[in-house]
Amino acid sequence: QVQLVESGGGLVQAGGSLRLSCVRSGRIVRTYAMGWFRQAPGKEREFVAAIGRPTDETHYADSVKGRFAISRDGASNTAYLQMNSLKPEDTAVYYCAALDGYYSGSTYENEHLWDYWGQGTQVTVSS
């Protein structure tokens, strides 16, 4: 079993930055991809970013490309989402996810592939 715990959410003004963290514990497998999804009020959950194995390739939703960056620290089993130039439309609950397997590109956008989920952290961007 794998546990994911997110942190780093909060309230920020438009144009500001936040960094989300996701600590993974439990069963440690080197093949895990890590990802971030978000869900705004009244909307469906949507893909944000993913970082895969074994090459740490990254994939982003078009809406965040150039503003967000996903990374990972293998030593601490932590994934990060650096969010810059935040916009009010980025307001959502952000969820960390883990996926056991090798995939690439737009495949990561399918939330049904992801095996484990965190509880979410709220990000609010004021205008």
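**Entry 1: the disulfide**

I looked up the handedness of the link of Cys22 and Cys96: with -80 degrees about the S-S bond, it is left-handed. Cys22 lies in strand 3 (residues 18-26) and Cys96 in strand 9 (residues 92-100), so I noted that the pair links distant parts of the chain, 74 residues apart (strands are DSSP runs of E, at least two residues, numbered from the N terminus). I found the S to S distance between Cys22 and Cys96 to be 2.0 Å; a disulfide is a pair of cysteine sulfur atoms within 2.5 Å. The structure holds 1 disulfide. I also checked burial: both Cys22 and Cys96 are buried (under 20% relative accessible area, with a 1.4 Å probe and protein chains only; exposed is over 50%, and partly exposed is in between).

**Entry 2: the model**

This is a predicted model, where local features need pLDDT of at least 70, side-chain atom pairs count only at pLDDT 80 or more, and totals for chains, interfaces and linings use all residues. Residues are numbered from 1 along each chain as its sequence is written, and side-chain values use heavy atoms, with hydrogens and water left out.

I traced an open sheet of 4 strands in the order 1-3-8-7, with antiparallel pairing (two strands pair if DSSP finds at least two bridges between them). Strand 1 (2-7) and strand 7 (68-73) stand at the edges with a single partner strand each, so one side of each has no neighbour in the sheet. From one strand to the next, the twist averages 15 degrees (axes are lines fitted to C-alpha atoms, and angles run from 0 to 180 degrees between N-to-C directions).

Strand 7 and strand 8 (residues 78-83) run antiparallel and are joined by 6 bridges. Ser71 has Tyr80 as its bridge partner in strand 8, and Phe68 has Met83. Strand 3 also pairs with strand 8 in the antiparallel sense, over 6 bridges; there the partner of Val23 is Thr78.

**Entry 3: the rings**

I counted 5 aromatic pairs (Phe, Tyr and Trp rings, the six-membered one for Trp, with centres within 6.5 Å; planes under 30 degrees apart are stacked, over 60 edge-to-face, the rest tilted). The ring centres of Phe37 and Phe47 are 5.6 Å apart and the planes stand at 80 degrees, so this pair is edge-to-face. Phe37 and Phe47 are buried. Tyr108 and Trp114 form a tilted pair, 5.9 Å centre to centre with 45 degrees between the planes. Ring pairs link Phe37, Phe47, Tyr108, Trp114 and Trp117 into a cluster.
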